Amino acid sequence: MTNSKKNDLISVASPHSIKKFELISEYVKAWINILMLNKKCRGIVYIDCMSNSGVYKNDKGKEIEGTPLRVSEIIAEAMTRYTDKQAYIYFNDLDSKKIDLLRTRLPKQTGNLTIYTESMDANVLLRKIGSQFSAMFSNMHFLLVYDPYDAHIEWDAMMPFLKNWGEIIINHMVSDTIRAVKIAKKPEVIEKYEETYQTTIDELISFGSDRNAFEQIIEQIIIDGSGRKEGRYYVASFPF
């Protein structure tokens, strides 16, 4: 999230947004190098389905690279060293102008690096990619970054990713839910919260300001959706 309008082509990134860019980028740097040394891993798929334009400004007007530019540079560099592996990157934003700007800043594609840029609803993209797992991404490891502008999560779009070999980072604003759910009146807003938490609005209101209750219900949805009742499957949450 940023502290300027989400429709701005170049948004002003607040300090916590910049920290988010840094955290995800450093995670990707470790992630790709560990996986490329795994002989069973044919390559990686990185998906940022809500990527924005990749370009921001800080509160002093200085240009800041967002997650897409930082991550694409990290992956592009890694693929010059792991030439026997493949990398597929997906960047998407509903605003086509933001994607047009992002395209001008991305690294060049190579024989083992393919970058897709799309402009569509994020969940439509995920359903499209999810349907291609068996055909395109056998023995590949994915990392999905799901960073919605609000508290809405469409779980059916993420189910293929929850069930396959990979990782998901969800930037879920629990504080937004705590603040807004008790005053939700419009049917479409109530439906959004009920879909995200897979329960009734009355139960959500009963949680009050209990952050742990909201986090636990999200974690349980992930576990149930994965179908993994045992074995190595990790779910964690933390504030930043």
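Visitor: Before we start, what should I know about the model and its numbering?

Guide: The model is predicted, so local features need pLDDT of at least 70 and side-chain atom pairs count only at pLDDT 80 or more, while totals for chains, interfaces and linings use all residues. Residues are numbered from 1 along each chain as its sequence is written, and side-chain values use heavy atoms, with hydrogens and water left out.

Visitor: Which strands make up the open sheet of five strands, and in what order?

Guide: Helices (H or I, at least four residues) and strands (E, at least two) are DSSP runs, numbered from the N terminus. Two strands pair if DSSP finds at least two bridges between them. Here the open sheet of five strands reads S6-S5-S2-S7-S8, with parallel pairing. Its edge strands, S6 (113–118) and S8, each pair on one side only. The twist averages 10° from one strand to the next. Inside this sheet, S5 (residues 86–92) and S6 run parallel and are joined by six bridges; Tyr90 stands opposite Tyr116 in S6.

Visitor: And what is the order in the open sheet of three strands?

Guide: That order is S1-S3-S4, and the pairing is mixed. S1 (11–12) and S4 (63–65) are the edge strands. Three bridges join S3 (residues 55–57) to S4, and these two run antiparallel, with Tyr56 opposite Ile64 in S4.

Visitor: How do I read the packing of two helices?

Guide: Two packed helices are described by the angle between their axes and the distance between the axes. Axes are lines fitted to C-alpha atoms, for helices over the stretch in contact, and angles run from 0 to 180 degrees between N-to-C directions. In this model, the axes of H4 (residues 122–130) and H6 (residues 155–163) come within 8 Å and cross at roughly 35°. Contact means heavy atoms within 4.5 Å: Asn123, Leu126, Arg127, Ile129 and Gly130 in H4 meet Asp156, Ala157, Met158, Pro160 and Phe161 in H6. H4 also lies across S2 (43–48), S5, S6 and S7, running at about 155° to S5.

Visitor: Which residues are closest to the centre of the largest pocket?

Guide: First, the rule: on a 1 Å grid over the protein atoms alone, where a 1.4 Å probe fits, a pocket is an open set of points with protein on both sides within 12 Å along at least five of seven lines, and lining residues have an atom within 4 Å of a point. Grid points are joined across faces, edges and corners, and a volume is the space filled by probe spheres set on the points. The largest pocket has a volume of about 1500 Å³. Of its 37 lining residues, the closest to the centre are Ile168, Ile169, Ile170, Tyr234 and Ala236. H1 gives the largest share of the lining, six residues.
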